[in-house]
Amino acid sequence: MPEPMESSATIVATPSAMPSAVAAVRALRRRRFVRISSSTGADPDPPDPAASSRVARGTGACASGPAVGPVVGWAFTRRRRRRPPCPGGHRPLSVQTGRAAVLETYHEPLAIREFPLPEPEPGAILVRMEAGTMCGSDLHIWRGELGKSYTIPLPLILGHEMVGSIIAMGAGTDLDSVGTPLTIGDRIIWAGVPCHHCELCTVEHATTLCANRQMAPLRSCAGPPHFLGAFAEYGYISPGAGRLRVPDEVASEWASAGSCALRTCVQAVEKAGRVDFNDSVVVQGAGPLGLFATAILSTHGPRQLIVVGAPDDRLELAREWGATHTISIQEHPTPEARLEAIRSITGGGPRLAFELSGAPGAFAEGVEIVRANGRYVVVGTLGGGPQSIDPSRIVTRGLSVIGSMSGDTDVYSKALVFLRDHRDRFGWDRMLGNRYGLHNVTEGLEAMLSMSEIKPVFDPTLAG
Ligand SMILES: [Zn+2]
Ligand SMILES: [Zn+2]
């Protein structure tokens, strides 16, 4: 059983430290220089932007805000889209438990359960959950549809798109996966844990294909460290898991959405190879994958970027995010009708297509859509059973069919850069749905299932 939180020296506050800590935390939310005085009242030197933050790593007493140390100095504060303080009052870190929405029975409402907080072992980090977002894979897991592809160990904490702020750090966690310093209060996203020993991990650097990879949403919460899923008050980043500090300009909800769908698209576009002004590209699907892929591909400037999907509000967003044409599957309900519509735009068909819908039959349809010598990147189909195709259509037309599965820390990092650098162009909030707390995560899943929301948001501060 893990030790209680008080045993961690990094998170124990002294009363005299709190005024300074609170000042620093408030300033962090306002992005400005702030003078932080100690309890002795001694004023520090004037601000020095080059010195950047002097907010010390260390102590804090509230799980609802970033914990900072008993510092004296000037801090160049960072703007963060942080949530407001907990409506139900702050939960002191002396608490030894946290709550989570737990999947115990498929397709039943998630149950709120309480677990002891783990103390981070070396290489591990404990975070307070800032935000989560819901993914189509969560729906598949919730409804018990991934049983053929994966072992699903119930009970588990659902959700795998999340951002947390660090509240306790195990030894050796001072840097993220790309060398950025980490400290208490920093927001991070994190990945699954590949084995780092198999040929796929070490020789081919294809860690998302590692057969020994521990994927957080597919691990039981029955035993420590419990907090491996998104829809919880806390999260545990295991040793060996890639982790990245979220840039200050990137809202937690954006980073959360980017931690799965966007990184998947970043890798898929990379695997597709060159895309330029002379290309026509088809995106099958107007969900989070299709929309993020549209945004990325539009920055490559293809001659035609055609999104096939539904409903209309998603196609409208696709056009806002760079689609030159959209084809509604409601107005074109058959593969033949969609093929004709695409050919009327492109002539012989696109040079490149992405399967990002996961819809039954989408793959077989895509093979026909792509023109001879074209490339077809298959991403969205993670289940759904066999589809009938004629392999000679691939051979005689010289198609390159490429599978792409998720993405690891390298594309996570690029996804965060994309979110930050293109935030004015794409307005990432447009993809987000309503906010749901622990008590009604199931409602969010149902909203996603009904397609009334593209990406519902989990907000652990919402009381129910
Ligand atoms: Zn996902
Ligand atoms: Zn491996």
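Colleague: Which way do Arg375, Tyr376, Val377 and Val378 point from S15, and are they buried or exposed?
Modeller: Arg375 and Val377 point one way from S15. Tyr376 and Val378 point the other way. All four are buried, which means 20 or more other C-beta atoms within 10 Å of their own; exposed is 12 or fewer, partly exposed lies in between, and C-beta atoms are placed from the backbone.

Colleague: What kind of model is this?
Modeller: This is a predicted model: local features need pLDDT of at least 70, side-chain atom pairs count only at pLDDT 80 or more, and totals for chains, interfaces and linings use all residues. Residues are numbered from 1 along each chain as its sequence is written, while chains are lettered from A and ligands numbered from 1 in the order in which they are written.

Colleague: Back to S15. How many bridges join S14 to S15?
Modeller: Four, and the two strands run parallel. Leucine 352 stands opposite arginine 375 in S15. Strands here are DSSP runs (E, at least two residues), helices are runs of H or I with at least four, and both are numbered from the N terminus.

Colleague: What does the chain cross through from S14 to S15?
Modeller: Helix H8, residues 362-369. This β-α-β crossover is right-handed: with the strands pointing away from the viewer, the path from the first strand over the helix to the second runs clockwise.

Colleague: And how many bridges join S15 to S16?
Modeller: Four again, also parallel. Valine 378 has glycine 403 in S16 as its bridge partner.

Colleague: What order do the six strands of the open sheet have?
Modeller: S13-S12-S11-S14-S15-S16, with parallel pairing. Two strands pair if DSSP finds at least two bridges between them.

Colleague: Why is one side of S13 and of S16 left without a neighbour?
Modeller: Strand S13 (325-328) and strand S16 (400-403) stand at the edges, each with a single partner strand, so one side of each has no neighbour in the sheet. Neighbouring strands are turned by 15° against each other on average, direction ignored.

Colleague: Which strands does helix H4 touch?
Modeller: Helix H4 (residues 252-272) packs on the sheet and touches S14, S15 and S16. Its direction makes about 155° with that of S15. Axes are lines fitted to C-alpha atoms, for helices over the stretch in contact, and angles run from 0 to 180 degrees between N-to-C directions. Contact means C-beta atoms, placed from the backbone, within 7 Å.

Colleague: And which does H6 touch?
Modeller: Helix H6 (residues 312-320) touches S12 and S13, at about 165° to the direction of S13. S12 and S13 pair in the parallel sense over four bridges.

Colleague: New topic. How many helices and strands are in the chain?
Modeller: 12 helices and 18 strands. Of the 464 residues, 49% count as buried.

Key: Two residues are in contact if their C-beta atoms, placed from the backbone, lie within 7 Å.
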